[in-house]
Amino acid sequence: MVIVPATTGQMGVLPGHVATIAELKPGVLSVHEGNETTKYFVSSGFVFIHANSFADIIAVEAVPLDQIDANLVQKGLVEFTQKLSSATTDLEKAEAQIGIDVHSALNSALTG
Amino acid sequence: MASNAAVPFWRAAGMTYITYSNICANLVRNCLKEPYKAEALSREKVHFSISKWTDGKPEKATLRSDSPDE
């Protein structure tokens, strides 16, 4: 079974899942095989679940959790929270919000 | 019929999906531990040639290697 971080929430995918296309939000993708679980952090992207029980994950970046540096995540979170409060244009606010979302997701991935 | 569903905040601010996705990817790359971070930064590099076309003919091309910080 695979659990994907869809924008509509965590989605569990088993063989036989109905064909689906879902947009992913920054979050943890976990692949459960027997008793083993492998986790990756995906930056964003899509999951295409095909009718023949194959699923494709399309992401620009997908990294194993142990490659993430917790200190950099904390620093980033503080930096973007600050950027949000000092942002003026809609675009700056959006970029700051994206920064907060990604770093919060990275943080939960490391602590969850 | 119902109007379009609520758009994501980044699209409401005028950003396209591809810009959003690339920003997310850059943020994740910047949070990686060392040997991985260097490899990731090499993935961010772009190198391209761009030329404007007028009257069906290309003008002089410029080569660009934008760094990740644009």
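**Close-up views of a two-chain predicted model**

**View 1. H2(A) crosses H2(B) in a right-handed sense.** The model shown is predicted. The axes of H2(A) and H2(B) lie 10 Å apart, and the two helices pack at an angle of about 50 degrees.

**View 2. Residues of H2(A) meet residues of H2(B).** From H2(A) come A:Glu95, A:Ile98, A:Gly99, A:Val102 and A:His103. H2(B) brings B:Tyr20, B:Ile23, B:Cys24, B:Leu27 and B:Val28. Sorted by class, this contact holds seven nonpolar, two polar and one charged residues.

**View 3. The largest nonpolar core has 27 residues.** Those touching the most other members are A:Phe41, A:Ile68, A:Ile98, A:Val102, A:Leu106, B:Met15 and B:Tyr20. Three helices each supply at least two residues of this core: H1 (70-86) and H2 (90-111) of chain A, and H2 (17-30) of chain B. H2(A) gives the largest share, seven residues.

**View 4. B:Met15 touches residues of both chains.** In chain A, its partners are A:Leu91, A:Ala94, A:Glu95 and A:Ile98. In chain B, they are B:Trp10, B:Tyr20 and B:Ile23. Residues up to four places away in sequence are not counted here. B:Met15 itself belongs to the largest nonpolar core.

**View 5. Another core, of 10 residues, lies apart from the largest one.** Among its members are A:Val4, A:Val13, A:Ala22 and A:Val42.

Conventions: Residues numbered from 1 in each chain as written. Chains lettered and ligands numbered in written order. Predicted model: local features only at pLDDT ≥ 70, side-chain atom pairs only at ≥ 80, totals over all residues. Heavy atoms only, no water. Core = buried A, V, L, I, M, F, W, Y, C linked by side-chain atoms within 4.5 Å. Buried < 20%, exposed > 50% of the residue type's maximum accessible area, 1.4 Å probe, protein only. Helix = DSSP H or I, 4+ residues; strand = E, 2+ residues; numbered from the N terminus. Contact = heavy atoms within 4.5 Å. Axes fitted to C-alpha atoms, helices over the stretch in contact; angles between N-to-C directions. Left-handed = near helix turned anticlockwise from the far one by under 90°. Nonpolar A, V, L, I, M, F, W, Y, C, P; charged D, E, K, R; others polar.
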